[in-house]
Amino acid sequence: QVQLVESGGGLVQAGGSLRLSCAASGRTFSSNAMGWFRQAPGKEREFVAALDWTGGNTAYADSVKGRFTISRDNAKNTVNLQMSSLKPEDTAVYYCTVASSRRTLVVVETSYDYWGQGTQVTVSS
């Protein structure tokens, strides 16, 4: 069975850093685009970052550009999100996702079809 499991979330002070990791199992996604979305309380899920199948092309939401870095290790079937200079508005549940029919970058939520359970990130003032 296909599974995506996020880890690395927690409570940090503003200005701090966290590294999220997503481990995939059940099949390899080395030929697929992957991404991270987040959902804050009372808000819709929003795009955060994505990368293509090689990891060489990336895209970021304007709100996180310059602070977050997405990367992947196809040998380990994992995708990571390094978050720095965290702000209280970054507080949300972060979800890892895969677009099983895409190789190139995609930022539209409906293009993704496998999702993890999410990991909570809380940034205090």
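In the predicted model, the sulfur atoms of C22 and C96 lie 2.1 Å apart and form a disulfide. C22 belongs to strand β3 (residues 18–25) and C96 to strand β9 (residues 92–99), so the bond ties together parts that are 74 residues apart in sequence. The torsion about the S-S bond of C22 and C96 is about -75°, and the disulfide is therefore left-handed. Both C22 and C96 are buried. A search of the whole structure returned one disulfide.

The protein chain contains 11 strands and zero helices. Read from the N terminus, the order of elements is accordingly β-β-β-β-β-β-β-β-β-β-β. The radius of gyration of the protein chain is 13 Å, close to the 14 Å given by the globule rule for 125 residues, so the chain is as compact as a globular protein of that length. Along the principal axes, the C-alpha atoms fill a box of roughly 40 × 25 × 25 Å.

Of the 125 residues in the protein chain, 42% are buried. When contacts between residues at least 6 apart in sequence are considered, 61% join residues at least 24 apart.

Terms used
Residues numbered from 1 in each chain as written. Predicted model: local features only at pLDDT ≥ 70, side-chain atom pairs only at ≥ 80, totals over all residues. Heavy atoms only, no water. Disulfide = S-S within 2.5 Å. Helix = DSSP H or I, 4+ residues; strand = E, 2+ residues; numbered from the N terminus. Buried < 20%, exposed > 50% of the residue type's maximum accessible area, 1.4 Å probe, protein only. Rg over C-alpha atoms; globule rule 2.2 N^0.38 Å. Contact = heavy atoms within 4.5 Å.
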